[in-house]
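Hi,

Here is the structure I said I would pass on.

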Amino acid sequence: METNYSEAELHYQAQKKVKEIRKFYEHLTVYVLCNPIVIIENLMTSPGYLYFWWCLLGWGVAIVLHGLKAFDCFPFFNKEWEEQKIKEIIDREEKK
């Protein structure tokens, strides 16, 4: 299904994509700046139990998912899937 977009629509979509990518980089920056603080705090207060690994892992998974979405590498629920579902719903409604 080929879609023709106007120049304004293409510009809007490009702006939207740039904002998504910028938000990812902001998220990544906060991750990189905050986790050393968490690690230092953990090592200073309770070096016998290293809980900072849970923070790194949990937040790291969120960062990876955010990056996949921002750079359109998400293996499921992508634009093609959305278009397919829209077409299925329209076809189903037209048959009623």
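**What I found**

Of the 96 residues in the chain, 10% are buried (under 20% relative accessible area; exposed is over 50%, and partly exposed is in between, with a 1.4 Å probe and protein chains only). Bear in mind that this is a predicted model, where local features need pLDDT of at least 70, side-chain atom pairs count only at pLDDT 80 or more, and totals for chains, interfaces and linings use all residues. Residues are numbered from 1 along each chain as its sequence is written, and side-chain values use heavy atoms, without hydrogens and water.

The chain has three helices and zero strands (DSSP runs, H or I of at least four residues for helices and E of at least two for strands, numbered from the N terminus). Its radius of gyration is 21 Å, well over the 12 Å that the globule rule gives for 96 residues, so the chain is more spread out than a compact globule (taken over C-alpha atoms; the rule is 2.2 Å times the number of residues to the power 0.38). Along the principal axes, the C-alpha atoms fill a box of roughly 65 × 35 × 15 Å.

Now for a loop residue. Asp-72 sits in the loop between α2 (52–70) and α3 (79–95). Asp-72 is not a glycine, yet has a positive phi of about 55°. With 56% relative accessibility, Asp-72 counts as exposed.

Lys-16 is in helix α1 and, at 36% relative accessibility, counts as partly exposed.

Cheers
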